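Please keep the sequence and the model at hand while reading.

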Amino acid sequence: SMLVRSSSSAKQSLIRRNLSSGSVPERKVAILGAAGGIGQPLALLMKLNPLVSSLSLYDIANTPGVAADVGHINTRSEVVGYMGDDNLAKALEGADLVIIPAGVPRKPGMTRDDLFNINAGIVKNLCSAIAKYCPHALVNMISNPVNSTVPIAAEIFKKAGMYDEKKLFGVTTLDVVRAKTFYAGKANVPVAEVNVPVIGGHAGVTILPLFSQATPQANLSGDVLTALTKRTQDGGTEVVEAKAGKGSATLSMAYAGALFADACLKGLNGVPDVVECSYVQSTITELPFFASKVRLGKNGVEEVLDLGPLSDFEKEGLEALKPELKSSIEKGVKFANQ
Ligand code: NAI
């Protein structure tokens, strides 16, 4: 195991930071799984984020190269690469935000739940370390199956006695990104202006885009809305099949992960009215975890927002997703407690 520090000395970086960052608070962001398909472009995008003062890149392999490479970019954050379990504590200490894209991705023919056996164990170990070394950090869970890995994290944190439901987030931003892109294509509106909430979970039918609330409004037929919903639900599989065995979404996921992390940092910094969809502990439905619009603040989740009015088609979709989401949550809870 080893450690690579890109700046020549801590003192120098401190001086540089004080000169360049003005009143923007210091924020340490750790990426666990930083050398992977998502981790590398996510590290790049977080290095470009001026809200980050320290970027900690952890993986079980290949982090020195990624850290040296990203560290040469002349933006605010100091970059440090950490490799191997012995360095996980240092990677996490002082982190304000931990992003987790560690674990195996899907291959054609696999569901996200097929990843459970490998990724559940990885997430469990990483969350035990978070509980120990940065118990106050916000956690952005990307590793699949998100519907189960978020409940696993919650259980591990409960066992450690530091669980704060306001600080744990399943990243469903890519579902929102896809829904916006696909909607703009059919509605013939500028994609940059589109907003679409996506609720439920992050797998197949548990992903429920609310196109009835999409803005700018468009008069799309029932058939088109059904097709748009299905394409959003199957967006991940579309990429898995196109990559033909070489993995799942990495570039669009890195973009989505960077967007959500930026929203979390803005919330921490006290920027008002930061709202994103995320899979969080929730009382919006009878399910203990549910994705919906969330207002972010200085402590993480400030408010879980109501679903708003649903079309009949969306009401049916909501009822239809509950059994699968419920069983994925229970599977995660059971795993963490066995
Ligand atoms: P990848 O295989 O390219 O990278 C995963 C990285 O995790 C590798 O560098 C590996 O060394 C590292 N890793 C494995 N065990 C680790 C451990 N114990 N600690 C730290 N790092 C560890 O996979 P990719 O494409 O980056 O995907 C990562 C995860 O993200 C998968 O579970 C995938 O299903 C999920 N994903 C989630 C999405 C979402 O919307 N939430 C979208 C796309 C992927």
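At what angle do helix α2 and helix α10 pack, and how far apart are their axes? In this predicted model, helix α2, which covers residues 39–47, packs against helix α10, residues 251–268, at an angle of about 40°, and their axes are 8 Å apart. Since angles under 35 degrees count as roughly parallel and 65 to 115 as roughly perpendicular, α2 and α10 are therefore described as oblique to each other. Their crossing is right-handed. On the α2 side, the contact is made by Pro 41, Leu 42, Leu 45 and Met 46. On the α10 side, the contact is made by Leu 251, Ala 254, Tyr 255, Gly 257, Ala 258, Ala 261 and Leu 265. Sorted by class, the residues of this contact are 10 nonpolar and 1 polar, with no charged residue.

Helix α10 also meets helix α7. The axes of α7 and α10 come within 8 Å and cross at roughly 110°. The range from 65 to 115 degrees counts as roughly perpendicular, and α7 and α10 are therefore placed in that class. As α7 passes α10, the crossing is right-handed. Thr 173, Leu 174 and Val 177 are the residues of α7 that take part, and they meet Ser 252, Met 253, Tyr 255, Ala 256, Leu 259 and Phe 260 of α10. This contact has 7 nonpolar and 2 polar residues, and no charged ones. Tyr 255 is listed in the contact of α10 with α2, and Tyr 255 is listed in the contact with α7 as well.

A further helix pair is formed by α5, residues 116–133, and α11, residues 312–337, whose axes come within 11 Å and cross at roughly 60°. The relation of α5 to α11 is therefore oblique, and α5 passes α11 in a right-handed crossing. Phe 116, Ala 120, Gly 121 and Lys 124 of α5 make the contact with Lys 331, Gly 332, Phe 335 and Ala 336 of α11. By class, there are 4 nonpolar, 2 polar and 2 charged residues in the contact of α5 with α11.

Attention may now turn to the loops and their backbone. Most residues other than glycine have a negative phi, and most peptide bonds are trans. Pro 145 is situated in the loop between β6 (138–141) and α6 (146–160). Another cis peptide bond runs from Thr 215 to Pro 216, with omega near -10°. Pro 216 belongs to the loop between β9 (207–209) and α8 (222–233).

Leaving aside residues up to four places away in sequence, Glu 193 touches Thr 215 and Pro 216. Glu 193 itself is found in the loop between α7 (173–187) and β8 (198–200). The C-alpha atom of Glu 193 is separated by 9.0 Å from that of Lys 180, and these two residues are 13 residues apart along the chain.

Two residues have a positive phi although neither is a glycine: for Asn 62 the value is about 70°, and for Ala 244 about 45°. Asn 62 lies in the loop between β3 (54–59) and α3 (63–71), while Ala 244 is placed in the loop between α9 (235–243) and α10. Is Asn 62 buried or exposed? Asn 62 counts as exposed because its relative accessibility is 55%. Ala 244 is likewise exposed, with a relative accessible area of 60%.

The last topic is the cysteines. How many disulfides does the count give? The count comes to 0 disulfides. Cys 134 is in no disulfide, and the nearest cysteine sulfur, which belongs to Cys 127, is 9.7 Å away. Cys 134 counts as buried because its relative accessibility is 4%. Cys 277 is also in no disulfide; the sulfur of Cys 264, the nearest cysteine sulfur, is 13 Å away. With a relative accessibility of 7%, Cys 277 counts as buried too.

Note on methods: Residues are numbered from 1 along each chain as its sequence is written. This is a predicted model: local features need pLDDT of at least 70, side-chain atom pairs count only at pLDDT 80 or more; totals for chains, interfaces and linings use all residues. Side-chain values use heavy atoms; hydrogens and water are left out. Axes are lines fitted to C-alpha atoms, for helices over the stretch in contact, and angles run from 0 to 180 degrees between N-to-C directions. Helices (H or I, at least four residues) and strands (E, at least two) are DSSP runs, numbered from the N terminus. Angles under 35 degrees count as roughly parallel, over 145 as roughly antiparallel, 65 to 115 as roughly perpendicular and the rest as oblique. A crossing is left-handed if the near helix is turned anticlockwise from the far one by less than a right angle, and right-handed if clockwise. Contact means heavy atoms within 4.5 Å. Ala, Val, Leu, Ile, Met, Phe, Trp, Tyr, Cys and Pro count as nonpolar, Asp, Glu, Lys and Arg as charged, and the others, Gly among them, as polar. Buried means under 20% relative accessible area, exposed over 50%, partly exposed in between (1.4 Å probe, protein chains only). A disulfide is a pair of cysteine sulfur atoms within 2.5 Å.
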